[in-house]
Amino acid sequence: ANRGKLFHMGLKAPPARSTLADALNSRDWRIYHALAQRLIVRARALYAQEPTVLDLDASVYALDATTIDLCLSLFDWAPFRSTKAAIKLHTLLDLRGAIPAFIHISDGKWHEVNVFDMLVPEAGAFYIMDRGYIDFEQLHRFHQAGSFYVIRAKSNLRFQRRYSLKSDRASGIICDQIGTLTGFYSIRDYPAALRRVRIKDDEGKTLVFLTNNTELSARTIADLYRCRWQVELFFKWIKQHLRIKSFFGTSENAVKSQIWIAVSVYVLVAILKKRLCLSASLYEILQILSLTMFERTPLNQLLTRTPPSPDQPENPNQLILFD
């Protein structure tokens with residue numbers, strides 16, 4: 001069956017893995033980076049009129065990073081630990097359409113907060129981050145630029161309350177306070193007042209958020225942080241469904257090339273979803289395409305079918321291009 005599908009594509013046999021590896025090693029990864037950037041610009045323009053997150057009159061971004069483990073003996077250019085190599089994919093995801101606005105690939109030792117130096121704050125926009133991005137000097141820079149942030153606080157935060165805002169314990173808001181940092185270095189790096197919101201989630205876990213926005217309700221601040229799951233879904237989509245963990249080449253050029261190709265495919269699917277006015281999620285569209293990759297059915301017909309059940313096993317004879 002696979003031979004017939006390959007024949008329809010003009011291929012008599014699958015390309016050798018070494019052929020793909022040689023191509024990825026010899027072609028500069030910046031070619032694929034430039035392609036991805038062009039597609040990102042086009043996709044963000046298509047989604048510019050989409051409703052904003054929580055109907056806010058502002059852009060909302062989720063900033064996060066994911067680690068992709070590698071074999072140290074094969075990927076010695078990406079040190080992480082004494083016996084392991086890794087790369088990190090740093091991503092700023094525009095939650096309007098779940099389109100990556102910024103991506104940086106580094107070795108595993110590169111700390112997440114270093115990415116702040118590569119970002120230009122957008123006035124009026126919201127940036128949602130986990131506690132790994134606590135850097136009060138950088139957060140103050142965002143504050144001075146007119147940007148808003150929502151970030152989860154660390155457990156050892158030293159904070160002095162000035163006054164409390166009204167809180168609704170029935171909705172899970174334990175406290176909502178305005179105050180200042182009291183640590184020697186933190187107050188030096190962030191001299192302005194900020195807001196601390198403590199909530200109890202649906203599972204009974206207590207979470208503490210810091211923000212420089214005093215206009216939104218505490219519930220909206222908590223809901224904004226919950227929207228951060230979209231960047232986690234993006235990482236899952238990239239790592240599992242495009243299978244970039246199995247690289248065809250071991251050089252830095254080959255790895256970066258394959259990642260930027262994967263990002264380009266993701267953004268192409270987002271463009272396809274918008275242009276065909278599809279109601280299915282990006283995950284569902286990819287699932288359909290992965291199971292019907294060699295069908296000759298027009299895309300608009302193929303993607304308006306009922307999506308396959310997530311529990312339905314994949315066809316063992318289906319070729320996987322990214323593995």
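These notes cover helix packing and aromatic rings in a predicted model.

1. Start with helices H8 (residues 252-275) and H9 (residues 282-291). Their axes come within 10 Å and cross at roughly 105°. H8 and H9 are therefore roughly perpendicular to each other. On the H8 side, the contact uses Tyr266, Val269, Ala270, Leu272 and Lys273. H9 brings Leu282, Ile285 and Leu289. By class, that contact has 7 nonpolar residues, 1 charged residue and no polar ones.

2. Next, look at helix H4 (residues 136-144). Which of its residues are buried? They are Phe136, Gln138, Leu139, His140 and Phe142. The buried residues of H4 pack against strands S5, S6, S8 and S10, and against helix H5. After H4 comes Gly146, with a positive phi near 85°.

3. The structure holds 14 aromatic pairs. One of them is Phe75 with Phe247, edge-to-face, 6.2 Å centre to centre and 65° between the planes. Phe75 lies in the loop between S1 and S2, and Phe247 in the loop between H7 and H8. They are 172 residues apart in the chain. Both are buried.

4. Phe234 and Tyr266 have ring centres 4.8 Å apart and planes at 85°, so this pair is edge-to-face. The pair links H7 to H8, across 32 residues. Phe234 is buried, at 1% relative accessible area. Tyr266 is buried too, at 3%.

5. Ring pairs also join Tyr61, Phe116, Tyr127, Tyr133 and Phe142 into a cluster.

6. Finally, check two lysines. The charged end of Lys256 sits over the ring of Trp29, 4.7 Å from its centre. The charged end of Lys274 sits over the ring of Tyr47, 5.5 Å from its centre.

Conventions:
Residues numbered from 1 in each chain as written. Predicted model: local features only at pLDDT ≥ 70, side-chain atom pairs only at ≥ 80, totals over all residues. Heavy atoms only, no water. Axes fitted to C-alpha atoms, helices over the stretch in contact; angles between N-to-C directions. Helix = DSSP H or I, 4+ residues; strand = E, 2+ residues; numbered from the N terminus. Parallel < 35°, antiparallel > 145°, perpendicular 65-115°, else oblique. Contact = heavy atoms within 4.5 Å. Nonpolar A, V, L, I, M, F, W, Y, C, P; charged D, E, K, R; others polar. Buried < 20%, exposed > 50% of the residue type's maximum accessible area, 1.4 Å probe, protein only. Phe/Tyr/Trp six-rings, centres within 6.5 Å; stacked < 30°, edge-to-face > 60°. Lys NZ or Arg CZ within 6 Å of the ring centre and 35° of its normal.
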